[in-house]
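Me: I'd like to learn how to read salt bridges and helix packing in a model like this one. Could you walk me through it?

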Amino acid sequence: MKVYTKTGDGGETSLIGGSRVSKTDERVEAYGTVDELGAFTALLTDHLRKDAALSETVDDLNRIQSRLMTVEALLAADERGRERLTPLSAETISWLEGRIDALQATLPAIDKFTIPGGHPAVSLSHVCRTVCRRAERAALRANAAYGTDGTALVWLNRLSDYFYVLGRMLTQHFGVEETLWIP
């Protein structure tokens, strides 16, 4: 099977369910941004994979990547396609909240924003956070225009919080100074 089909050469693509839409459609923008987040999540995972002390985090990120693919599919579906897909379960959100709480319990409390940096993995975690926020905004626009799985929208919101707390944990793990923003 060839990778290229030439069916998108005119600026259209197919959704799950068969509808042809413009590549500028809100759904295409949303699932494309989630796809970008998946690639950055993979890059972050690759940076952490060789550190045995971060194996649980790598497992978490692998699980998150799988859920990102599910969110992509949910965003890429038209009405007919949505009928064939399984929505995210509420357990997906509670698992992510549990991981956020567990990470946060290991960190000192702060009352200021943090400035990303200090180690490539910390910076990548914040790249994931910001791309996730953009994906959430795109998914909300797609939802307003066409509807989508509400749990996926909540999950994206929680996921950006996860990447923020992960960045703080990685700052601590790699022994770099956490820089607080003091206006």
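This is a predicted model: local features need pLDDT of at least 70, side-chain atom pairs count only at pLDDT 80 or more; totals for chains, interfaces and linings use all residues.

Me: Is Asp-60 buried or exposed?

Reply: The general idea is to compare relative accessible area with a cut-off: under 20% means buried. Asp-60 has 7% relative accessibility, so Asp-60 counts as buried. Arg-99, at 14%, also counts as buried.

Me: Which residue meets Glu-36 in a salt bridge?

Reply: That is Arg-134, at 3.1 Å from N to O. This pair links distant parts of the chain, with Glu-36 in helix H1 (residues 26-48) and Arg-134 in helix H5 (residues 120-146), 98 residues apart. Glu-36 is partly exposed at 28%, and Arg-134 is partly exposed at 31%.

Me: At what angle do the axes of H2 and H6 cross?

Reply: Roughly 155°, with the axes of H2 (residues 55-75) and H6 (residues 150-173) coming within 12 Å. An angle over 145 degrees counts as roughly antiparallel, so H2 is roughly antiparallel to H6. The crossing is left-handed.

Me: What kinds of residues make up the contact of H2 with H6?

Reply: They divide into 13 nonpolar, one polar and two charged. Among those in H2 are Asp-60, Leu-61 and Ile-64, while the H6 side includes Trp-155, Leu-159 and Phe-163.

Note on methods. Residues are numbered from 1 along each chain as its sequence is written. Side-chain values use heavy atoms; hydrogens and water are left out. Axes are lines fitted to C-alpha atoms, for helices over the stretch in contact, and angles run from 0 to 180 degrees between N-to-C directions. Helices (H or I, at least four residues) and strands (E, at least two) are DSSP runs, numbered from the N terminus. Angles under 35 degrees count as roughly parallel, over 145 as roughly antiparallel, 65 to 115 as roughly perpendicular and the rest as oblique. A crossing is left-handed if the near helix is turned anticlockwise from the far one by less than a right angle, and right-handed if clockwise. Contact means heavy atoms within 4.5 Å. Ala, Val, Leu, Ile, Met, Phe, Trp, Tyr, Cys and Pro count as nonpolar, Asp, Glu, Lys and Arg as charged, and the others, Gly among them, as polar. A salt bridge is a side-chain nitrogen of Lys or Arg within 4 Å of a carboxyl oxygen of Asp or Glu. Buried means under 20% relative accessible area, exposed over 50%, partly exposed in between (1.4 Å probe, protein chains only).
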